[in-house]
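Student: I would like to learn how to read strands and chain contacts in a model. Please take me through them one at a time.

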Amino acid sequence: MAEQMFDTVSSPILEVRDLFVNFYTYRGVVRALNGVNLTIGRGEIVGLVGETGCGKSVTARSVLRLIRYPGKIEGGQILFEGQDLLALSEREMREFRGRQISMIMQEPKVSLNPAFTIGAQIAESIAIHDYKPLDDAQTEAIEILRTVRIADPEQVAHQYPHELSGGMAQRAMLAMMLAPRPKLLIADEPTSALDVTIQAQILNLMTELVEQIEASILLITHDLGVVAETCDKVAVMYAGNVVEYGTTEEVLTNPAHPYTRGLLRALPNLARQGPLYTIRGSVPDLVDPPAGCRFHPRCEYAMSECAVERPDLLTVKQGHFAACVLYEEGRDGIPDAAHDELPANVWANPDASATVGEQS
Amino acid sequence: MSVATGWVKDFQHRYKSQLESALYFWSYLRRNTLSVIGILVIFVFILVAAFGPYFAPYNPVKGETSDRLQGPSAEHWFGTDQLGRDIFSRVIHGARVSLRIAMIVAVIAGTVGTVVGVTSGYFGALVDDLLMRVTDMFFAFPKLVLAMAVAAALGPDLENVIFAIAIASWPVYARLARGEALAVREEDYIEAIRALGAGRMRILFLHVLPMCITPIIIQVTLDMGFIILTAAGLGFIGFGAQPPTPEWGIMIAEGRNFITSQWWLSTFPGLAILVTVLGFNLLGDGLRDVLDPRLTR
Amino acid sequence: MSRLLQVRNLKKHFPIGGGLFRDPTDFVKAVDGVSFDIEPGEVFGVVGESGCGKTTLARSLLRLIEPTGGSVSLNGDNILEWQGSDKKRIYRHMQIVFQDPYSSLHPRKLVKDIVSEGLVIHGLAERSEVRERVLDMLQRVGLNEEHLFRYPHEFSGGQRQRIALARALVLHPQLILLDEPTSALDVSVQSKILNLLVELKEEFGLTYLIISHDLSVMQYVCDRIGVMYLGKLVEVGQTEDLFAVPKHPYTKSLIDSIPSLDPRVRRERIILEGDVPSPINPPSGCSFRTRCPYADKHCTEVEPPLEAIRDRWVACHYPLEE
């Protein structure tokens, strides 16, 4: 297991250790999480990125133990402030949900109950968590709406979810979820359904509010740009594994795992010409995943040993880990020169782009 | 590549795809014990209706007066009626009558209802208003009363029974199909077909209609029981098929004078109706669970 | 140079609240006077946020919904005047690929039938040729023979988008409208589809009109871009030029809101406050003024026309300087 990775964060708020989750479907057993390791420090914003079906949402739901039939957590630990959430009873777990760990979803309008006003829903969540009378909670709800910079909170409090725009609804959601001052906010694609200009507003607001209450964020997204703008650290997932973990700057400018590298090169960016890089093949079916490293059939650096054993998260540099045999002791990893054509570096060094275009 | 090998390959690919979806369908249906029972019952019912008359031991309409009103025995499994006719043979022949009514009504009412409903839903506006008000008129009568009235007006006859029940049944399918069509016409794939330049009739019948058929099939299966029951009811009160047709409703009616002393006259046709109707209902429920995503899980 | 498509003052107003005997109480001005040209072989992009009317624009151009006013000329012929069987001809020349490949393919049809539909509708192929033509097109978009007799649900998102492309291409149109062609897809699939689009454009000599909210995709594929806000084009220009020196404040804020992939540079940027106003009652004067940091009284009173500044068109009283 990735002990070194856990050592890098001194007092973590959340550690996910070697988490396995299966889904038992009629097609067979979907091996959704295949030993996920992840750590989040206090006050940190950690991005969890990956493509559809890589298991990022399953990881998030596992933390709150919201995996339902046909899914099952098969093994591992989820340590929240050192306490294993998987060992708790359902009743004890309820103490954590909402109060210690909150979650906001991609579609705020679906997460809000269409039959009640925004104010009533926020008030209810306050009343439940703080055991307050509902009237007090209602005035508090308006205050909370003000903190998420909703222009006239009194009016919005009396509106129903369908009357709000996506951005407004996501603000209301944020208000509701942050009201009990959780220690960890899990944000599952919070801005994917929103427009770019609104996305920027919401991300700014979220980081600011979370900073105020000194919470941490696990930000789940498929958008590497969002990660670059908001996250301190990033974990990249592929087919049920965290394949790379490190500071955002390190991972985006110096990706160590061949998958991360491929993903970054596949992005269109302002300075590039010529065909885009593509990762060969497609995402594996997790009913019958490739043995060993699940990325090896698509990897341009694959060796015969890759098909045998699942690689551990190995140290690339201080605080930067990759689950790839290229980083075993005595090996060099991906040569640094290969990173010149990455979007982050092309931005920084526009001269490099011309040669890149010709090569590909 | 020659055309012939291409054709063979196509056949294999097509076959494979469809076999897969059939297996998928079956794997779901199989899990539901009750619907499997329903399938078995319907299967037996259809077999009996199709081939039973060739194996029935006695003539269903001509009896031996000497044998009248005999109880169930090795010779006459279900006994005989007041005219000495073998009830077992009559029940078997009755299956064919019932199946025929049910099938023809389902095809007529199902088709008319679907076409009216889909047209109404797809075109909307004035067409929709017009067709749906007509349907509403039919809904204003209880189904059974309407069927009775039509059957009575046309005169007691098997064909008229079929017609009467069909008239009473189609509006349900029209409503159902309209609802589906309203949803389907907004789908991207319909817009995509429009963007290929397809005409309205083509879109309606080749693209919208196939998507609306599933709920109709479920509903028709569920209604099969009702159709058989209605036909028997009409037969019972004398508006349906006429004696000596071996029809289950008539048989029950004829047996009611003897119900206290010779119970078998009405009981066996009654059981036949019960089992068949139950079979269709079980199958219909099972189909709905598998085919209708709104109700599954 | 001859124009392939010439759109002038195109309008689509949706009535709300009307009935059989009642006049509508109001109109949603989804597309409100849009004009642009597309030259053969060009890739023209329309960007804007959701609700800006870009999808309505695409559907109006193809007359999937009938525009309220204006003209759309294809090779000089106003297609809005084509009626009856002529209208069908539009679709031989112009095709569309929809955003969501999961909903744009008929779930009960085999791939072969989906792709051949256009050929059958327009009577473009003998029965015996259909299979060959369909297969040929499938192969060009990267699928093969064994996919002919499969149902859409058996394919991944990327493959479905290839099927949708094949369906459009089989008619050999001159212009293809791509409505958010990759926004439902993952990054690694997106790059494959974008490369395919570029290849197909060369191979078939296509012209694209791409509609998207994703600026990084747009700057990669488009030659020229028009920026749309509340049913109007507010800026049109050559892609590189537009990105380097946006002249409309809205364009600038859009470009600023693309997250940079370099975490070392967290740029200074305009983050727009507030939401897009309702297209039912758009603001007076310049429709962007409610969110514009530079708006003044003049902007509330007079609507800025789309005017040329060299080869750039901008609808702003105070266009940004370099």
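Student: How many residues lie between E9(C) and E10(C) in their hairpin?

Tutor: Some ground rules come before the answer. This is a predicted model, in which local features need pLDDT of at least 70 and side-chain atom pairs count only at pLDDT 80 or more, while totals for chains, interfaces and linings use all residues. Residues are numbered from 1 along each chain as its sequence is written, chains are lettered from A and ligands numbered from 1 in the order in which they are written, and side-chain values use heavy atoms, with hydrogens and water left out. Helices (H or I, at least four residues) and strands (E, at least two) are DSSP runs, numbered from the N terminus. The hairpin of E9(C) and E10(C) has two residues between the strands. Leu230(C), in the turn, has a positive phi of about 50°.

Student: Which way do E9(C) and E10(C) run, and how many bridges join them?

Tutor: Two strands pair if DSSP finds at least two bridges between them. Six bridges join E9(C) to strand E10 (residues 232-238) of chain C, and the two run antiparallel. Within this pairing, Tyr229(C) has Lys232(C) as its bridge partner.

Student: Which strand is joined to E9(C) by four bridges?

Tutor: That is strand E3 (residues 43-47) of chain C, which runs parallel to E9(C). There, Gly45(C) is bridged to Ile225(C).

Student: Why is E9(C) described as largely enclosed?

Tutor: Buried means under 20% relative accessible area, exposed over 50%, and partly exposed in between (1.4 Å probe, protein chains only). Six of the six residues of E9(C), residues 224-229, are buried, so the strand is largely enclosed by the rest of the structure.

Student: Which residues of E9(C) lie on each side?

Tutor: In a regular strand the side chains alternate between the two faces of the sheet. In E9(C), Arg224(C), Gly226(C) and Met228(C) are on one side, with Ile225(C), Val227(C) and Tyr229(C) on the other. Both faces are covered.

Student: How many residues of chain A and of chain C take part in their contact?

Tutor: Contact means heavy atoms within 4.5 Å. Chain A gives 46 residues and chain C gives 34 residues. Buried area is the accessible area (1.4 Å probe) that two parts lose on being put together, summed over both. For chain A and chain C this is about 3500 Å², 56% of it on carbon and sulfur atoms. Thr197(A), Glu229(A) and Pro268(A) supply 18% of the area that chain A buries there, more than any other three residues.

Student: How many salt bridges are counted between chain A and chain C?

Tutor: A salt bridge is a side-chain nitrogen of Lys or Arg within 4 Å of a carboxyl oxygen of Asp or Glu. Between chain A and chain C the count is zero.

Student: And how many salt bridges are found across the interface of chain B and chain C?

Tutor: The rule finds two salt bridges there. Arg59(C) forms one with Glu191(B), with the closest N and O atoms 2.4 Å apart. Helix H1 (3-30), helix H7 (188-194) and helix H8 (200-236) of chain B each supply at least two residues of the side that touches chain C. H1(B) gives the largest share, ten residues.

Student: What area is buried between chain B and chain C?

Tutor: The value is about 2800 Å², and carbon and sulfur atoms give 53% of it. Asp188(B), Ala195(B) and Leu196(B) supply 22% of what chain B buries against chain C, more than any other three residues.
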